[in-house]
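Please read each point against the coordinates.

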Amino acid sequence: MEGLSRRRLVGLTAALPLLGQVSWAASAPDTDAPGAAQLPVRLNFNESPWGPSASARAAMHEGIAGCGRYPYPLQYALIDTFARQHAVPEDNVQVFCGSKLALQYAVHAFTGARSLVVPEPSYEAPVDTAQTRDTTVHAVALDARHAHDVDAMLAVRPAPGMIYVCNPNNPTGTVTPAAALERLIAKAPSDTVVVVDEAYIHFSDAPSCIPLVKAHANLLVLRTFSKLYGMAGARVGLAIGQPALLEALEAFDGYNVAAEPSLRGALASLQCTGLVAQRKQDNQRLRDATVNRLTAAGWRCTASQANCFMVDVRQPADAVVKALAEAQVKVGRVWSSWPTWIRVSVGDAAQMQHFEAALFQVLGQAE
Ligand code: PLP
């Protein structure tokens with residue numbers, strides 16, 4: 001694709017038959033459908049129990065026929081649509097095969113000789129990447145409310161190459177107040193890149209950091225279609241930042257874009273009115289119902305605003321994860337800094353019911 005610039009490709013997108021807005025209500029599944037959960041119950045990877053929306057599935061089918069050609073026009077249609085919806089210039093948005101890839105590229109691009117600062121516990125991908133190249137990692141514990149300890153992150157010296165923020169945070173699902181994040185972004189040295197991972201933002205009431213990109217050349221925001229949009233297996237993520245930062249990531253990417261069905265599914269998801277609101281509401285209702293029952297039974301849970309939460313099982317969590325797996329319920333991995341907590345992804349009603357029954361049995365407690 002040498003010589004094929006983004007600018008030149010943007011012109012091509014005008015010729016694309018853009019899908020019209022599709023209403024979520026017309027194709028919503030029954031999220032409280034009774035019946036047995038399919039076994040094993042998979043609450044281990046923060047995936048959506050509902051998968052791609054109906055309109056995304058239809059668009060993905062349409063994309064199969066286009067697989068004989070490189071999907072750049074669709075890539076730019078997705079960029080244009082997202083940029084328009086978020087009122088940012090199109091050259092502030094880039095598509096990757098999943099946001100994890102953009103995050104790994106960021107670690108490669110912005111750390112190395114300089115260190116990486118991360119919250120703890122949090123999504124491990126940046127630390128795993130840093131460890132492949134002996135980068136110094138400063139892990140800063142979440143504060144008492146399970147928010148990022150912004151002042152401790154800012155205090156790291158010498159100034160790091162990159163500060164990773166996860167909001168809402170995986171695995172806790174907790175949100176860091178907007179004022180604290182704004183302070184972090186405003187006070188970080190101009191040559192320290194702040195990466196704000198918003199993989200779970202759709203489930204929460206937290207404001208996005210995307211509007212701050214305009215004023216901060218060192219801010220990179222990441223989004224994914226893997227979580228609320230239910231497209232984890234389709235591998236589409238976005239990075240939002242000023243062009244110089246995106247170019248630093250693209251140096252590692254080599255025009256490696258997602259396949260046309262994935263891009264069409266992502267585009268249809270952005271164009272499905274009501275999808276985010278409906279899934280946010282369903283997730284919240286199902287999550288809070290389980291959290292409330294566990295809390296009423298005396299178990300402490302994190303105050304999640306995401307599609308996962310943690311439960312303090314007050315014993316080695318590894319053993320509880322194993323016992324749940326034997327009961328056909330897969331829950332998330334255990335973070336060594338929180339050795340008595342399990343992470344549970346939010347599933348549908350039948351799955352949550354199955355999980356609760358299994359957990360109470362494992363913990364030796366009647367429901
Ligand atoms: N960021 C966070 C915080 C995640 O929890 C995950 C996946 O679990 C990802 C990024 C990866 O998302 P993607 O599927 O877009 O690579």
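1. An oxygen atom of the ligand lies 2.9 Å from a polar backbone atom of Lys 100. Asp 197 places a polar side-chain atom 2.6 Å from a nitrogen atom of the ligand. Polar contacts are pairs of N or O atoms within 3.5 Å; within protein, one atom must be able to donate a hydrogen and the other to accept it, and residues adjacent in sequence count only if both atoms are side-chain atoms.

2. The ligand is surrounded by 14 residues, of which Ser 99, Asp 197, Tyr 200, Thr 224 and Ser 226 are the closest.

3. The model is predicted: local features require pLDDT of at least 70 and side-chain atom pairs pLDDT 80 or more, whereas totals for chains, interfaces and linings use all residues. Residues are numbered from 1 along each chain as its sequence is written, and side-chain values use heavy atoms, with hydrogens and water left out.

4. The chain averages a pLDDT (the predictor's confidence in each residue, from 0 to 100) of 92, and 90% of the residues score at least 70. Confidence is lowest in helix H1 (residues 6-13), with a mean of 38, and highest in strand S7 (residues 193-197), at 99. Over residues 1-19 pLDDT stays under 50; the model has 35 contacts (heavy atoms within 4.5 Å) for this stretch beyond four places in sequence.

5. Beyond four places in sequence, the contacts of Leu 78 include Val 95, Phe 225, Leu 263 and Leu 270.

6. All five residues of strand S14 (residues 341-345) are buried, that is, under 20% relative accessible area with a 1.4 Å probe, protein chains only. Trp 341, Arg 343 and Ser 345 are on one side, and Ile 342 and Val 344 on the other. Strand S12 (residues 308-312) runs antiparallel to S14 and is joined to it by five bridges, with Met 310 opposite Arg 343. Strands pair if DSSP finds at least two bridges between them.

Terms used. Helix = DSSP H or I, 4+ residues; strand = E, 2+ residues; numbered from the N terminus. Buried < 20%, exposed > 50% of the residue type's maximum accessible area, 1.4 Å probe, protein only. Near = heavy atom within 4 Å.
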